[in-house]
Amino acid sequence: MNFQTELEKKVKEIEGIIQGFLPKEEGFQAAMAKAMNYSMCGGGKRIRPLLLMETCRLFGGEEKLAEPFAAAIEMIHTHSLIHDDLPAIDNDDYRRGRLTTHRVFGEAMGVLGGVALLNYAYETMLQAFALTQKKERVITAMKIMAAKTGLYGMLGGQSVDVENDGKPLDREMLDYIYRHKTSALIEASMMTGAVLAGADEEKTALIQRAAGNIGLAFQIRDDVLDVISTKEELGKPVGSDEKNHKITYVTLYGIEEASKRTEELSKEALDILNGLEQKNEFLCLLVESLVSRRK
Ligand code: GRG
């Protein structure tokens, strides 16, 4: 399999799915829909929907049922980026190679558009009930999504990150932050893909462990890229962690050690995936590619 060709094909497919679920830019609230769509169509890598769809395929699930969830996870992720860029948090001007949402539509619309996207994700997931008789799969998947993105998931992790900004952090605290602010959404992607395809609790728990490691590796690579990449490649300024005096895996352990940890975590995740009786070669190649990603 030519991974790069296959990846491009699958990203195109995801773009089509996302387009199909975006709000219409009409009515009195058209301005907010525009802000939501601007941020959603900004050229992200679509890692989370890819992981969701591929995990669904791994377990032989119905792709149509997973589609609203694939769009929804990108909405939740994009909401987190819009809010992360706001003046109250990171105050960033560029994201995905373009001006950030609040820089284009104003701060109030950045706040509102972000929350609206989070809500719209749930409106989108609810559409899955009309696509299946297996309603309990949709309920379980929505429960996972809500838990992994909320107080005890992504938002909780982000709050601990913000609260400890500028303070010394040890490895335990850093792992906690990364496992929540980043891994939780990767776990949600892969676990919902699995559940919608009918994976049992034991398999879903294995997927959760693999996804947790993938998420942590993904965030550590993000730390490394902030040092070694370029603004052109990343679509946002590099060196922002240093500028903001942020403690990261790189500041704690250096680039070499951080890269080694990324490889170990990825290998642990692949061992879990390879140990399953179900196989998805593309999913494994995708996980491998994240370790050496350049953006
Ligand atoms: C609700 C006020 C408020 C804030 C929410 C939850 C949150 C803020 C932020 C999430 C934390 C965050 C931005 C974590 C970083 C995770 C990460 C590495 C994001 C970048 O993901 P990519 O590389 O981005 O997949 P693209 O642009 O490719 O989608």
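Let me start with helix H1, residues 3-21, where Glu6 and Lys9 sit three residues apart, which means about one helical turn separates them. Please keep in mind that this is a predicted model. An α-helix has 3.6 residues a turn, so residues three or four places apart point the same way. In the model, the side chains of Glu6 and Lys9 meet in a salt bridge, at 3.6 Å from N to O. Glu6 is partly exposed, with a relative accessible area of 22%. Lys9 is exposed, at 51%.

How many salt bridges does a search of the whole structure find? It finds 21. I will take a few of them.

Next is the pair Glu187 and Lys148, whose closest N and O atoms are 2.6 Å apart. Buried here stands for a relative accessible area under 20%.

Asp271 is partly exposed, with a relative accessible area of 43%. Some salt bridges also share partners, and in that way Lys10, Glu13, Glu54, Arg57 and Glu63 are joined into one network.

Let me stay with H13, which covers residues 249-275. A straight helix of 27 residues would span 39 Å, but H13 spans only 29 Å between its end C-alpha atoms. Where is the kink in H13 centred? The kink is centred on Ile255 and is about 95°.

H13 also has a set of buried residues, among them Tyr249, Val250, Ala258, Arg261 and Leu265. Further along, Ala269, Leu270, Ile272 and Leu273 are also buried. What covers the buried residues of H13 includes helix H9 (171-196), helix H10 (201-228) and helix H14 (281-291).

Last, the surface. Tyr94, Leu99 and Val104 make a nonpolar surface patch of about 220 Å². Tyr94 belongs to strand E1, residues 94-95. Tyr94 is partly exposed, with a relative accessible area of 33%. Residues in such a patch need over 30% relative accessible area, so Tyr94 passes that cut-off at 33%.

That is the end of my part.

Technical notes: Residues numbered from 1 in each chain as written. Predicted model: local features only at pLDDT ≥ 70, side-chain atom pairs only at ≥ 80, totals over all residues. Heavy atoms only, no water. Patch = residues over 30% accessible without salt bridge, like charges linked within 9 Å, V, L, I, M, F, W, Y side chains within 5 Å. Areas by Shrake-Rupley, 256 points an atom, 1.4 Å probe, with all protein chains shown as cover. Salt bridge = Lys/Arg side-chain N within 4 Å of Asp/Glu carboxyl O. Helix = DSSP H or I, 4+ residues; strand = E, 2+ residues; numbered from the N terminus. Buried < 20%, exposed > 50% of the residue type's maximum accessible area, 1.4 Å probe, protein only. Expected span 1.5 Å × (residues − 1). Bend = angle between axes of the 7 residues up to and from the residue. Contact = heavy atoms within 4.5 Å.
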